[in-house]
Amino acid sequence: MALFGQTIICGFLMGGVYAVIAIGMTLILGVMKIINIGHGHLMMVAMYVCFALFTSLGLHPYIAMFVAMPCLFGIGYLLQRYSIHRVRFVDTILPQTQVLLTLAIGLVFVEIIRVIFKSDFRSVYTPFSSKCLYIGDMSISLPQLISFGIAMAFVAGLHILLTRTDFGRSIRATAQDLDAAKYMGVDALRVSSLTFGLGMALAAAGGALLLPIFYLFPDIGVPFTIKALIITILGGAGSTVGALSGGLVFGMAESLGAVYWAPGYKDVVGFVIFLLVLLFMPGGLKTVIKR
Amino acid sequence: MAKKSWFLPAILGIVAIALPPFLGGYFQHILILVMMWVAMATGWNLLGGYCGQASLGSAAFFGLGAYGAGMLYLHWGISPWWGVIAGPLLAIVVAIPIGLVTFRLRGGYFVLSMLAVCETIRIIFLNWVEMSAGPLGIVIERTWGMEKLPYYYMVLAIAALSLYVVYRLMKSKFGYYFVSIREDQDAAEGLGIPSTKYKMYALIPCAGIIGLAGAFYMNYMAFIEPNTVFPLIISATMILSVMLGGPGTFWGPALGATIFVLLSELLRAFAGPVIGTIHYLIFALILVLVIMFLPNGIAGEGDKIKRLFRGKKPVYVGGE
Amino acid sequence: MLKVNNIDVYYGDVQALWDISFEVKEGEIVALLGSNGAGKTTTLNTISGLLRPRKGNIEFLGQELTKLPAHKMASLGIAHVPEARKLFPEMTVKENLLMGSLMPEAKARREESMERVFTIFPILKERAWQAAGTLSGGESQMLAVGRGIMACPKLMMMDEPSLGLAPFLVDEEFKVIERINREGITILLVEQNVAHALKACTRAYVLEIGRITLQGKGEKLLHDKHIEEAYLGI
Amino acid sequence: MAYLDINHVVRKFGGLVAVNDITVGLEQGEIFGLIGPNGSGKTTLFNTINNYYPANSGEIIFKGIPITRMSTHEICRLGIGRTFQVVKPLKRMTVLENVMAGAFLRTNSATKARDKALEIVDFCELMQRKDMPAKSLPIADKKRMEIARSLAGDPELILLDETAAGLNLKEIDAAMVIVKKIRDKGITCFVVEHVMKFLMGISDRVMCINFGAEIARGTPKEMSRHPEVIKAYLGEEYVKGK
């Protein structure tokens with residue numbers, strides 16, 4: 001029973017961090033109507049930024065993230081403004097030009113990182129990396145708990161941004177009806193660029209929070225892109241609350257799978273959920289299937 | 001739908017058959033890679049370029065083809081050459097349920113779901129050690145030792161077969177239906193085209209061709225492991241080749257694959273020793289630039305490229 | 001106030017408007033009439049900057065509009081109340097209204113405008129916390145107009161405000177339009193409901209297949225034989 | 001039993017009832033017109049017939065076969081062709097290839113499909129345009145090509161969605177000639193239209209709907225004088241004027 005409880009809690013905490021990453025993807029999906037395949041790759045870039053700050057200046061990832069987030073925000077803003085947006089109206093044979101472009105951009109970053117840091121596995125050991133809290137028989141890793149707390153703070157902050165400020169409302173309005181938002185005087189390119197930046201900054205935050213828990217290598221991004229998409233589908237596109245609940249459910253399912261099935265198959269669990277949703281819940285997916 | 005005469009292909013064919021015996025081993029190796037990627041890009045183009053279902057997970061079929069061949073040897077000691085049958089077969093058998101599920105998705109969701117499929121298969125092959133030997137991989141003995149020429153003719157035949165299959169398909173009802181689905185799925189349904197069924201008809205030869213290339217890879221390289229046959233970069237390279245040459249054109253993917261392999265070897269030869277993996281970075285950059293400025297590839301944007309050199313204004317057909 | 005001079009508009013290669021010219025003077029209600037596909041919405045979208053004329057130009061208060069991006073129109077004082085309502089369905093009524101007042105001038109008067117909207121449409125105050133997607137047809141139309149008022153515009157362009165409304169609601173709708181106009185907002189109205197529009201407006205233009213075929217004072221047009229012809233094909 | 005029977009069909013989108021209990025029967029070989037103001041549910045009714053949007057309730061029977069639950073392409077194979085309100089050309093294919101894509105419904109041979117397509121292209125007077133890519137056609141020819149594409153599949157009933165929208169007067173006249181020619185081939189036509197002139201000139205019977213429900217039915221002449229129709233289009237005052 002203790003194992004079960006611990007597994008659930010561990011997954012729950014993990015899910016909170018996943019949610020932050022997924023919200024980034026949801027925002028981008030909502031406003032720009034594209035799936036950012038480079039999402040995980042750019043998260044990886046943020047992790048390396050934190051890693052570099054940790055090794056050179058000894059900054060803890062929780063502090064370094066406040067450097068990584070503005071960096072990624074800038075990268076995201078520039079990418080949307082000068083690259084992804086440009087191909088939006090190009091008439092192409094392959095319909096998913098923008099999506100393929102995010103993949104290509106992601107690969108560029110992976111290879112840049114590989115050139116600089118090589119393919120080696122890295123990790124960040126902080127003073128409390130291996131500390132645990134004990135509740136009865138259950139042990140809960142301290143860095144996970146702290147990461148979860150910070151993640152929730154981000155989710156809450158974002159929720160306030162989206163519901164209480166004109167900028168946040170403009171983001172939601174653009175996602176819901178682009179033309180109507182233009183009528184209201186919203187500069188769609190500016191909003192989409194800022195949204196892409198914001199999405200990337202959230203991915204960066206998620207990456208920094210994962211850093212004390214995960215090994216780091218240049219190809220770490222792909223599974224996270226997939227996880228973010230699965231969470232988005234679980235929670236329904238374009239909603240913070242949905243992404244949060246989707247993230248928590250996903251985290252717990254993954255954690256249960258790792259403990260009760262096999263640790264190697266941890267990443268497959270998400271895919272199985274994805275398949276099940278696809279096969280048995282097509283109603284909830286209508287927006288996904290028929291654009 | 002290619003309107004090229006038979007003349008150029010015939011010359012190319014004769015050169016491809018007659019020239020290699022006079023080349024050194026290194027150049028033969030490069031030509032082998034060229035032909036392998038020609039087959040794979042042509043296969044990807046069938047589903048992605050003609051039918052419009054750009055898949056980010058086609059490495060799955062490559063890996064399945066390779067493992068189809070490798071596991072014959074691993075479990076029963078059967079010559080992996082039988083893999084040219086078993087490999088594509090395995091790829092197709094796995095492709096069918098994958099297609100049935102993922103074809104329910106459209107656009108970017110399909111692209112990403114195929115990536116998820118490929119990742120899943122990679123993880124399964126890594127972890128299911130009894131089946132696949134896991135991360136250790138499969139090592140076989142090469143049939144012809146260090147000799148390259150027989151391998152070359154083998155892969156030449158595979159490339160020619162894939163081109164022939166795609167050519168015949170595109171000349172027939174299938175071709176018209178594939179392109180109709182790409183151009184407008186709703187309109188296609190309205191014309192009585194069962195789109196999911198025809199996507200499957202495009203997927204099956206696509207998986208077969210790529211699987212065949214994978215089976216060849218097993219025989220030629222004599223070693224495979226999940227991380228070398230299932231990675232994203234293989235899928236991405238297929239996309240790059242097709243996008244570079246021209247998606248939805250007959251010769252485009254072959255052209256793109258050729259340019260890709262030659263450039264890759266050049267970069268590896270010159271830049272490789274200096275900065276490790278920089279040639280991958282250059283590829284990724286090329287991919288970005290191609291998507292941004294030549295989204296329809298060299299063959300698809302022929303007019304645009306000509307204009308660039310001659311400085312002529314575009315000519316619009318029809319109009320007013 | 002608004003001057004449209006000889007514009008030709010295309011969707012890709014398809015010409016939608018031929019040599020359209022008209023004028024809206026300060027304080028007027030001007031109606032653009034015509035059956036569906038005549039080019040009324042296209043005209044409004046061109047003024048809004050979502051479409052560009054290939055020929056001709058548009059002036060608003062002496063300023064050339066044709067070169068400005070769509071999102072700048074709002075800051076000049078043009079509010080567009082679009083067809084099919086185009087509300088933000090997952091946002092509350094209040095948030096929708098707030099979205100109407102993004103421009104600095106309108107933002108400064110946000111509270112005041114909100115009160116004004118709630119006086120004109122008391123029902124919106126009751127529904128303030130409800131998602132816009134759950135409103136009835138009539139209520140959504142009120143919200144769309146309310147969102148336009150929030151912008152404190154000089155010119156309000158309304159696209160088919162009576163579309164899909166039950167007859168008694170149409171009456172209400174036109175009362176509101178006249179009221180807003182009395183309160184100092186110039187109105188450019190696109191309508192299918194000919195009778196109502198002609199009675200309410202100062203002047204009207206009739207569009208047929210992308211061309212202006214008839215213009216004049218509202219009351220006068222009301223009895224013009226040609227109108228019925230344009231609509232009913234008799 | 002009529003040729004195409006639509007019985008009490010209802011289609012909702014969320015709270016909006018787009019098609020509200022429509023019952024109508026089409027006879028073989030007639031041109032049946034459907035009119036109504038913008039947003040009255042005409043296109044939605046079409047989309048329920050070929051099950052692009054499944055009906056929430058009611059049933060649709062074609063030649064005695066219930067088609068309410070059949071998929072779009074099966075309905076097409078059964079003999080119901082359609083065109084789209086917003087044209088959906090297969091952009092990068094030529095006109096001939098577009099029509100061939102339609103012709104493959106009844107044959108597997110590329111040669112036969114080409115012959116059939118050429119015949120239809122000629123029938124629709126598109127011969128000069130046959131090798132142009134569909135995307136570079138002017139709108140009138142795009143609409144005509146859609147009709148051709150649909151005809152190539154040998155439909156027995158064709159649903160024409162706003163064939164005249166966006167055309168000029170000359171083009172509308174030409175389109176009317178084509179629709180009449182189609183009927184003369186024995187194909188039943190169900191026509192949705194906003195341009196009244198178009199419908200009045202060709203249809204045998206007309207139904208007018210508003211708010212998704214039928215408000216009047218009759219000959220074109222009756223319809224143009226029908227008070228409910230005038231009210232829906234022009235407003236109450238015009239009715240009193242009569």
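This is a predicted model: local features need pLDDT of at least 70, side-chain atom pairs count only at pLDDT 80 or more; totals for chains, interfaces and linings use all residues.
1. A residue is called buried here when its relative accessible area is under 20%.

2. Helix H1 of chain C spans residues 40-48. Its buried residues are Lys40(C), Thr42(C), Thr43(C), Leu44(C), Asn45(C), Thr46(C), Ile47(C) and Ser48(C). Because eight of the nine residues of H1(C) are buried, the helix is largely enclosed by the rest of the structure. The list of buried residues includes the charged residue Lys40(C), as well as Leu44(C) and Ile47(C).

3. The residue that follows H1(C) deserves a separate remark. Gly49(C) comes after the helix and has a positive phi, near 90°.

4. Strand E7 of chain C, residues 155-159, is mostly covered, with five of its five residues buried. The cover extends to both faces of the strand. Leu155(C), Met157(C) and Asp159(C) lie on one side, while Met156(C) and Met158(C) lie on the other, and all of them are buried.

5. The pairing of E7(C) involves two further strands. With strand E6 of chain C, residues 78-81, E7(C) pairs in the parallel sense over four bridges. With strand E8 of chain C, residues 186-191, E7(C) also pairs in the parallel sense, here over five bridges.

6. In E7(C), Met158(C) is the bridge partner of Val81(C). In E8(C), the bridge partner of Met158(C) is Leu189(C). Met158(C) is also among the buried residues of E7(C).

7. Chain B contains 17 helices and two strands. Its radius of gyration is 20 Å, close to the 20 Å that the globule rule gives for 320 residues, so chain B is as compact as a globular protein of that length. Along the principal axes, the C-alpha atoms of chain B fill a box of roughly 70 × 45 × 40 Å.

8. Burial and contacts in chain B may be read together. Of its 320 residues, 60% count as buried. Among contacts between residues at least 6 apart in the sequence of chain B, 77% join residues at least 24 apart.

Technical notes:
Residues are numbered from 1 along each chain as its sequence is written. Chains are lettered from A and ligands numbered from 1 in the order in which they are written. Side-chain values use heavy atoms; hydrogens and water are left out. Buried means under 20% relative accessible area, exposed over 50%, partly exposed in between (1.4 Å probe, protein chains only). The radius of gyration is taken over C-alpha atoms; the globule rule is 2.2 Å times the number of residues to the power 0.38. Contact means heavy atoms within 4.5 Å. Two strands pair if DSSP finds at least two bridges between them.
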